[in-house]
Amino acid sequence: MSGFRPIDELIAELAAGQEGCVEYRQMLEAGVSRGAIEHRIATGRLRRRFKGVYVFAHDAPIRFQSERAAMKATGDGALLVRRSCAYVWGALEHPPRLVEVSVIGARRPGAVGLRFFSGLTLDPRDVTEYRGFRLCTIPKLLLDLSAEGETAFVSRLLNTARVKRLLRPGELDAFIDRSRGRRGFPALEAVVNGPEAAGMSRSRAERLMRALLRRAGLPQPLMNHMVLGEERDFIWIEETFVVETDGWAGHGTRASFENDRRRDAELMAAGWVVLRITWRKLTDEPEWVVAKVAAALAIRARTERDRAA
């Protein structure tokens, strides 16, 4: 291997697919001599990003380059956390000033450009892969940020994750069920089940439901209509079918729970079918909502036809 051009091409090939990053070790293993590497460092064609990790010179910045370099510098047990994790998930437009990482089973000292968090107690279920990075799951990200008291930020991230469908059906519920007692849990629960999430605002729930039903080709309901002397959320008169939306803001006490069941019992005694859905079902599992509504409407339509026959 001789001449600058072939060596540059080899280094560029190594850096390709790694956001322009290459390890000193990788270059040696590929046959690049120490002298050739040091020459390129001295002339600026290789720029040190972290210890043992270099960026091959490019005119334009490469997205996620700092995050990739950090992963290479911290080893196989590392993963992105906090804001760096949110950035890779696409929930932040700009990366944080320091790359935030954790190493499972180890404590690491601080380093220039990096912010380390202990990974000693990290549950393997809270680790995933996305865009070629190891990083914490969305629910774990929300819990970590809640523990730092950033509930407004957590609320925005949760909304972004739902809009971008970054949460798998039931993922957040399962995480919350096994996270009680963990630092940050009360704050996270307040965001997930609080007024911003559960109260959902009636207008938002109505728009979501209308859009879901329209895309599925299902009949549109009446909304906030009086049935048996009380206002109901979504009503199909001919099918005698009602959908009620539950949320912590309006259903978080024992009295309101009992009142909801009384309302349901009155409808069912009069021959109505009632389906209760939560804000999280409406936003996280719209397919489930559509399937349940479609099935109920089909059953009620057959029932009415049989009665008329």
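**Packing and contacts in the predicted model**

F64 is buried, with a relative accessibility of 9%; here buried means under 20% relative accessible area, exposed over 50%, and partly exposed in between, computed with a 1.4 Å probe on protein chains only. The structure is a predicted model, in which local features need pLDDT of at least 70 and side-chain atom pairs count only at pLDDT 80 or more, while totals for chains, interfaces and linings use all residues. Residues are numbered from 1 along each chain as its sequence is written, and side-chain values use heavy atoms, with hydrogens and water left out.

Aromatic pairs were assigned to rings of Phe, Tyr and Trp (the six-membered ring for Trp) whose centres lie within 6.5 Å; planes under 30 degrees apart count as stacked, over 60 as edge-to-face, and the rest as tilted. The count by this rule is five aromatic pairs. One of them joins F64 and Y87 in an edge-to-face arrangement, with 5.2 Å from centre to centre and 65° between the planes. F64 is placed in the loop between β3 (53-56) and α4 (65-74), and Y87 in helix α5 (residues 82-89), so the pair ties together parts that are 23 residues apart in sequence. Helices (H or I, at least four residues) and strands (E, at least two) are DSSP runs, numbered from the N terminus. Y87 is also buried, at 6% relative accessibility. A second pair, W236 with F241, is stacked, at 5.1 Å from centre to centre and with 25° between the planes. Both W236 and F241 are buried. F64 and Y87 belong to one aromatic cluster together with F133.

Charged side chains were also found over aromatic rings, the criterion being NZ of Lys or CZ of Arg within 6 Å of the ring centre and within 35 degrees of the ring normal. The charged end of R82 sits over the ring of F117, at 4.0 Å from the ring centre. K281 is placed over the face of W288, 4.6 Å from the centre of the ring.

A nonpolar core is defined as a set of buried Ala, Val, Leu, Ile, Met, Phe, Trp, Tyr and Cys residues joined through side-chain atoms within 4.5 Å. The largest such core comprises 49 residues, and those with the most contacts inside it are L80, I138, L141, L142 and L157. Apart from this core lies another, of 18 residues, including A205, L213, V289 and A296. In soluble globular proteins, nonpolar side chains tend to be buried together. When residues up to four places away in sequence are not counted, I138 touches W89, A161, L166 and L167, contact meaning heavy atoms within 4.5 Å.

Helix α4 is mostly covered, with eight of its ten residues buried. The buried residues are Q65, E67, R68, A69, A70, M71, K72 and T74. The helix is followed by G75, which has a positive phi, near 95°. K72 is also among the contacts of E23, which, leaving aside neighbours within four places in sequence, are G52, V53 and K72. E23 belongs to strand β1 (residues 21-23) and is buried, at 13% relative accessible area. The side chain of E23 makes a polar contact of 3.0 Å with the side chain of R25. Such a contact is a pair of N or O atoms within 3.5 Å; within protein, one must be able to donate a hydrogen and the other to accept it, and residues adjacent in sequence count only if both atoms are side-chain atoms.

R276 is located in strand β12 (residues 273-278) and is buried, at 17% relative accessibility. The side chains of R276 and D264 are joined by a polar contact of 2.8 Å. A polar atom of the R276 side chain also lies 3.5 Å from the backbone oxygen of D260. R276 and D260 are 16 residues apart along the chain, and their C-alpha atoms are separated by 9.7 Å.

Several loop residues complete the description. L228, although not a glycine, has a positive phi of about 55°. This residue is in the loop between β9 (222-227) and β10 (230-236) and is partly exposed, at 47% relative accessibility. T240, also not a glycine, has a positive phi of about 45°. T240 is in the loop between β10 and β11 (241-246) and is buried, with a relative accessible area of 17%. G44 is found in the loop between α3 (34-42) and β2 (46-50) and is partly exposed, at 32% relative accessibility.
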